Amino acid sequence: MQLKNDLLIRAAKGEKVERTPVWLMRQAGRILPEYRAVRESVSGFIELAQTPELAAEVTIQPVDILGVDAAIIFSDILVIPEAMGLPYEMVEKRGPWFPVTVSTEADLKSLRIADGVDDLSYVIEAIKITKKALNGRVPLIGFAGAPWTIFAYMIEGSGSKTFSKARAMLYTQPEFSHKLLQMITDSTINYLKAQIGAGADLIQIFDSWAGILPPNHYQEFSLKYISQICDAITEVPKTVFAKGAFFARKEMADLNCETIGLDWNMGIAESKALIGPNKTLQGNLDPAALYGNAKEVETATKLMMDQFKGSRHIANLGHGVYPDIDPEKVKVFIQTVKNYQ
């Protein structure tokens with residue numbers, strides 16, 4: 001299907017664009033009252049994500065309400081461990097929790113490599129429904145968590161400030177760690193290819209816990225596996241967003257991907273110098289800037305746009321939009337990007 005608005009795809013590929021495309025991480029979510037209404041109609045987050053018609057509905061809401069240049073499928077990075085045989089629960093106000101974790105070679109025998117089609121059929125179905133409903137208005141982004149981030153949850157069992165169990169594993173059981181990371185990587189490649197087969201126009205890899213690793217471990221236990229995914233996915237443009245991995249920006253320039261996402265702590269001029277002109281940069285307004293009044297949001301957005309001027313850029317925040325931010329401020333951010341000359 002021909003896209004009516006293909007700004008995001010062209011910007012990712014470094015082609016000429018009439019204006020900078022804009023979307024937000026976590027745009028399909030709690031900032032919108034329309035999303036909260038759908039969420040309240042089911043038992044919780046997981047049921048919503050596993051009901052394709054509802055996942056498609058909340059995926060499209062930001063396109064209709066906020067005017068973003070892309071939709072991103074409503075799902076969760078932790079569907080991969082579940083598909084591998086390690087189910088999780090979403091605990092209100094606490095986040096994800098795994099009743100069972102992985103810690104030994106024997107535990108690996110209870111896991112499988114996900115095929116991405118049958119064991120994650122609800123995501124694939126949601127993508128098909130969304131693509132049909134969007135009718136080519138904007139591209140649809142598919143996504144997955146980076147293997148290290150998924151590994152961290154599978155070992156730790158929940159979110160953590162330090163992920164000390166997962167990090168300890170890299171020191172004490174490196175061979176086991178590599179085996180599990182490879183299983184996650186193979187599952188993720190299958191999953192992303194299934195998303196693309198269902199209609200995803202672009203994919204993003206989220207390395208949410210990149211910043212807690214030292215640089216040598218990041219190279220060995222994260223970037224190596226992200227690189228495998230980037231090499232395996234050849235059908236659509238790829239974005240890598242590694243939060244906190246400011247120390248790896250130079251190495252990210254060598255990844256086989258089109259776009260590198262910057263968090264709000266990564267200086268724009270420095271990032272451009274480290275990554276070079278052959279990648280599109282995505283980001284990176286501080287999400288907290290959207291707590292300001294309309295004029296302040298506009299000023300902050302223009303300041304960001306000025307720094308990216310003349311280079312390959314997709315406008316976004318430096319992380320997901322915070323759930324208590326006023327949607328009207330989000331609209332100011334989006335409109336300022338669209339109006340920017």
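Modeller: Start with H2, which gives the lining of the largest pocket its largest share, four residues. This is a predicted model, with local features needing pLDDT of at least 70, side-chain atom pairs counting only at pLDDT 80 or more, and totals for chains, interfaces and linings using all residues. Numbering runs from 1 along each chain as its sequence is written, and side-chain values use heavy atoms, without hydrogens and water.

H2 spans 33–40. Helix H3 (45–49), strand E2 (89–91) and strand E3 (95–97) also each supply at least two lining residues. Helices (H or I, at least four residues) and strands (E, at least two) are DSSP runs, numbered from the N terminus.

The space comes to about 1500 Å³. The lining counts 45 residues, and Arg26, Arg30, Phe45, Asp76 and Met90 are the closest to the centre. A pocket is an open set of points on a 1 Å grid over the protein atoms alone, where a 1.4 Å probe fits, with protein on both sides within 12 Å along at least five of seven lines; lining residues have an atom within 4 Å of a point. By class, the 45 split into 24 nonpolar, eleven polar and ten charged. Gly counts as polar here.

Now the second largest pocket. Its volume is about 350 Å³. Among its 18 lining residues, Val17, Arg19, Thr20, Gly310 and Ser311 are the closest to its centre. Helix H1 (7–12) and helix H14 (294–308) each give two or more residues. This lining has six nonpolar, six polar and six charged residues.

Methods: Grid points are joined across faces, edges and corners, and a volume is the space filled by probe spheres set on the points.
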